[in-house]
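Open the model in your viewer and keep the selection tool handy.

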Number of protein chains: 2
Amino acid sequence: MSGSPEFGKLVIFGVGLIGGSFALGLKAAEQVEEVVGFGRSLSTLTQAMDLGIIDRVGANAGQEVADADLVLMATPVGQMPEIMARIAPYLGAQTVVTDGGSTKADVVASAREHFSDKLGQFVPAHPIAGAENSGAAAARADLYRDKKVVLTPLPENPVLNVARVRSAWEWCGAQVHELPPADHDRIFAAVSHLPHLLSFALVYELAVRENCDQFFDFAASGFRDFTRIAASHPEMWRDICLANRPALLDELDRYRAQLDTLRDALQRDDGALLERTFDVARKARRNWADGKGK
Amino acid sequence: MSGSPEFGKLVIFGVGLIGGSFALGLKAAEQVEEVVGFGRSLSTLTQAMDLGIIDRVGANAGQEVADADLVLMATPVGQMPEIMARIAPYLGAQTVVTDGGSTKADVVASAREHFSDKLGQFVPAHPIAGAENSGAAAARADLYRDKKVVLTPLPENPVLNVARVRSAWEWCGAQVHELPPADHDRIFAAVSHLPHLLSFALVYELAVRENCDQFFDFAASGFRDFTRIAASHPEMWRDICLANRPALLDELDRYRAQLDTLRDALQRDDGALLERTFDVARKARRNWADGKGK
């Protein structure tokens, strides 16, 4: 078996950063024979061909997934239900489907609806390797190296299907973890989705001011880091926010309550509370960075 | 004159990142003869000696400033009034005082009170080169290279005094700008102080949760960048927040209103508003980064 790729045909919906890097990772590991791409824009698909991400542009989704080993949905999560509806009737018996969506409960709910008795063939996943750059040109074979990928397996998944998806991500160099979908969504609402919303809000609020140039002129490295994620893909993040609405609203409300507390402290000149808050945050941030080696 | 340093004696209050890097920058440019340091902790002063930041530890502040060419207050802004009170009676006629505080209106108000008829000798300044690291060990001669320094000169400042402070910062490699103190404070409340407060708030809110480890475990690069400034110095940022309270409260309230708008949009599933907001932010952030080459 040595030398023979683990996967024959891989079908990718969405050949941007996430899907493209997955294809390139498997190709670099020589673990896929053929990659077929679908996407909304022909120019992106052509670019993905030129970059060696895909070998062919798919024409008929049903036909392509029928004999595929692996199908990855790597589009914004808002587009996944429509893709599921298109491919569900044609899935081959051996085909395993996975996704790269940043939210899981909503994707699982759609999958439950569209895949029905084939639900066991869908193993939900979330690679934690976003970047503010998007598109096929940003894809790279080593994007997932030493990054976390969270699988949120379903009770319906045969162990073998989970193992195949795990294996694919491990060939890309990722560290694979498992979480229940609801835990996944709660955690990422707090550590990813909320920070994105907060960063977008800050830059927007400055950008719509008449004299915004004066502000941007003096923005420095703190602003640069805080707002790096405000350069993220608007449609993708719209979908993530909507898809993870309950958890994100909950996190946003906790955060607003925290801001209210700090505002009150500032208003009444309570330096002790500010310093205590900052000190707890600093220690936690440093511990986190030390643990991550970041 | 070639080869002769522009400044004889420099006296620094606070030999940490800001003051230490200023001293090292002037020394690297061979533009200062002697640097005398004051500070709250003897161990920090000893460290500053060992690192070549200062040549002597000062004992009597009044005596040291009497024949100093330049005095830099590089402590948290909350400590500056007390330093001004200590040195004001003893300032030599040729001595120019400046500071490295991140807020200016409050420092100017203190200076007006303490320096009274010597106010012209105080030229307020703010080097835009903070880092989350602090302390003498973090100081470096090139910290200010190509960084902005904002002077907020007073009507009382003779042109020559402003020129001397400008020159010192230029020897450190900085680009020197001038702003009225109130404009300075408004701008930095928006692009620096508010982001710090927001970043501290996010990390604090997670850190005090019982199950915070689970959250931190899955935090990735977006979180890392958004929270880098939450590792900043708690006392320094307490002082900055309090010192710039009116402008910071104003910016915080604008921001909270913006968050309320986004929360309402999320609640009512208004994806169009979210996407529009994210899109404006993304474009502004990208334009800013392109302009800065960052």
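Start by selecting Arg209(A). Leaving out residues up to four places away in sequence, Arg209(A) touches Phe215(A), Ala190(B), Glu251(B) and Arg254(B). Here contact means heavy atoms within 4.5 Å.

A word on the ground rules. This is a predicted model, where local features need pLDDT of at least 70, side-chain atom pairs count only at pLDDT 80 or more, and totals for chains, interfaces and linings use all residues. Residues are numbered from 1 along each chain as its sequence is written, chains are lettered from A and ligands numbered from 1 in the order in which they are written, and side-chain values use heavy atoms, with hydrogens and water left out.

Stay on Arg209(A). Is Arg209(A) buried or exposed? Arg209(A) counts as buried because its relative accessibility is 9%; buried means under 20% relative accessible area, with a 1.4 Å probe and protein chains only.

Next, colour chain A by domain. Select 7–178 for domain 1 and 184–286 for domain 2; such bounds come from an automatic or database domain assignment. The centres of domain 1 and domain 2 of chain A, taken over C-alpha atoms, are 31 Å apart.

Now look where the two meet. In chain A, 16 residues of domain 1 are in contact with 14 residues of domain 2.

Last stop: select Arg40(A) and Glu235(A). They form a salt bridge, with the closest N and O atoms 3.1 Å apart. The term means a side-chain nitrogen of Lys or Arg within 4 Å of a carboxyl oxygen of Asp or Glu. Across the interface of domain 1 and domain 2 of chain A, the rule finds 1 salt bridge.

Conventions: Buried < 20%, exposed > 50% of the residue type's maximum accessible area, 1.4 Å probe, protein only.
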